[in-house]
Amino acid sequence: MRLTRRQALLGLVGASSVGGLGVYELLDRTATDATISDAGMNGLLTVADIVHPAAPEDVEPVISAYVGRLSHDRIRGVVRALSELDSRSRRHFGASFGALSRAQGERLLTTLGVNRVQSRPEGTLAERVRYHLVNAVLYALLTRPAGTELFGIGNPVGFPGGFGSHAGEP
Amino acid sequence: MRNDGIDRGLRPGRDSLPLVGTVGALYLLVALGERALSGVVSVPALSVVDLTAALPVPVLLAAGPAALWGILFGHVLSDAATSSLGPGTLVGAGAHLYLGYATCTLLRRSDAPRASDSAGLGRFVLAVAVAAAGAAAISGWGGEAIHRTPFFVAAPAAFAEFTLLSVPFALPLAGLFRRVASAGASAFDITAAPRRRFDGHPDLRRVTAVTVGWVVVGTVASVGYRMFETVPAGAFTSRDLDFVLLLRQPTLFGPGAGRLQVLLGAVLLSFLVVLLADPSDRGGTPVR
């Protein structure tokens, strides 16, 4: 049977719409673990290295403590974003995201458009990376003296260090 | 579907298996080479450019339609070898298949590429650019469908990558080594003289219009809806434009209107496939 042009077009539109929306919905509901592995922690430290100038040894305890207080849903978001970043990273650099240098990690995030999108808990990988990784790491660091002393702020907003700073020598 | 010349070449036969294997191996070699190079050479943009984007057009020009299966196989092979096999593999393979297929089909609708002929050269570059724009739109569409990158990020980058990598690698094949190129090109009837005179290449115009329309509408919608979501409601209510807020339905349209992008892409991709695979009668009938 020979298809007419209209039949072929309608068939293709139907198939590609159903297929595309099916993939969209399926991947939107992908379940992930709610625990961050060591490799995942390294990924967060790579993000911190990219977005903040603090030394890694100062950053690690802050990030660990922050991640420990996150809800299960937030941790799932972090793990999902990190695992998808790992996949892209292995394709281009042959290593997981946590093993990348600062320059390589920055290049990968720029390619994904993380510097050009709004932060969003759901959406594309770029938007989720911005929300779950970049903004989370920045929040953790900029509400602790370990992340703000480099900028001359010893008692940042959100850090419960008021008593210490008032009681100490000026 | 009337594109019988290509249709015949598409059917995989036992004799095309070595070709499929060779193209697959070429993809693997380039992917692994790119990865090795990214660890040694520190060129700012090199590490994130997918060098396999240089392969589809030259490979199809040289080897003919059977190489389409090789492109698909090569994509799966190189992604499996780099531990990045996933939904993105399908998107990448789809974009590469379209790039090669559309370039060769558009060239078939016009004339043989000639390096010495500036008009032929211009048509060749135009065909590659139009095919690259379509492949970039597929990348952007796929990026939204698999929740990887917004359309406005993926499509322009992919267009630059496909065009800049395809033209330099395909031109020598089409011009300097015409004898090699003609072996594969003849399978597409690229070098065959058309029985009827072309009437201003109408198919190229239609394909160009749909492709450019897709890239422009996709980009504007991708940026526009994301901005629209962040504008405070007061900006509309204070101007008696409350009805505009009815369009702000992220749960219905998906975050960043992802579902709408997927539907738009499905419709326009279908149009492009039909235009390429079933050209109108006005486009002339190739000799078989």
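**Core entries**

I began with Val207(B) and, leaving aside its neighbours within four places in sequence, found Val207(B) in contact with Tyr98(B), Leu106(B), Val130(B), Leu272(B), Leu275(B) and Leu276(B). I note here that the model is predicted.

I then asked which members of the largest nonpolar core touch the most other members. Of its 52 residues, these are Tyr98(B), Phe162(B), Val207(B) and Trp214(B). Looking up where the core comes from, I listed the elements of chain B that each supply at least two residues, among them α2 (17-40), α5 (87-109), α7 (151-174), α9 (202-230) and α12 (258-277). The helix that gives the most to this core is α6(B), with 12 residues. Apart from this core I found another, of 38 residues, which includes Leu70(A), Phe93(A) and Val114(A) as well as Val48(B). As general background I wrote down that nonpolar side chains tend to be buried together in soluble globular proteins.

**Interface entries**

I next turned to the contact between the chains, which takes 41 residues from chain A and 50 residues from chain B. The area buried between chain A and chain B came out at about 3,900 Å², and carbon and sulfur atoms give 57% of it.

For polar pairing, I counted 15 residue pairs in polar contact between chain A and chain B, with both residues at pLDDT 80 or more. I then looked up which elements give two or more residues to the side of chain A that touches chain B, and these are α1 (5-28), α4 (72-93), α5 (102-112) and α6 (125-142) of chain A. The largest share of that side, 14 residues, comes from α1(A). By class, the side of chain A that touches chain B has 15 nonpolar, 12 polar and 14 charged residues.

**Salt-bridge entries**

I took Arg259(B) and Glu25(A) as one example, their side chains meeting in a salt bridge at 2.4 Å, N to O. Another is Asp50(B) with Arg91(A), where the closest N and O atoms are 3.4 Å apart. This pair joins two chains, because Asp50(B) lies in the loop between α2 and α3 of chain B while Arg91(A) lies in helix α4 of chain A. I checked burial too, and both Asp50(B) and Arg91(A) are buried.

The side chains of Glu127(A) and Arg226(B) meet in a salt bridge at 2.6 Å, N to O. I traced this pair across the chains, from Glu127(A) in helix α6 of chain A to Arg226(B) in helix α9 of chain B, and noted that both residues are buried. Salt bridges that share partners join Arg120(A), Glu127(A), Glu144(B), Arg226(B) and Glu229(B) into one network.

My last entry concerns Arg76(A) and Asp73(A), whose side chains meet in a salt bridge at 3.4 Å, N to O. Arg76(A) and Asp73(A) are 3 residues apart in helix α4 of chain A, so about one helical turn separates them. Are these two buried or exposed? Arg76(A) counts as partly exposed, at 36% relative accessibility, and Asp73(A) counts as exposed, at 58%.

Definitions and conventions:
Residues numbered from 1 in each chain as written. Chains lettered and ligands numbered in written order. Predicted model: local features only at pLDDT ≥ 70, side-chain atom pairs only at ≥ 80, totals over all residues. Heavy atoms only, no water. Core = buried A, V, L, I, M, F, W, Y, C linked by side-chain atoms within 4.5 Å. Buried < 20%, exposed > 50% of the residue type's maximum accessible area, 1.4 Å probe, protein only. Helix = DSSP H or I, 4+ residues; strand = E, 2+ residues; numbered from the N terminus. Contact = heavy atoms within 4.5 Å. Buried area = accessible area lost by both parts, 1.4 Å probe. Salt bridge = Lys/Arg side-chain N within 4 Å of Asp/Glu carboxyl O. Polar contact = N/O pair within 3.5 Å; in protein donor to acceptor, adjacent residues only side chain to side chain. Nonpolar A, V, L, I, M, F, W, Y, C, P; charged D, E, K, R; others polar.
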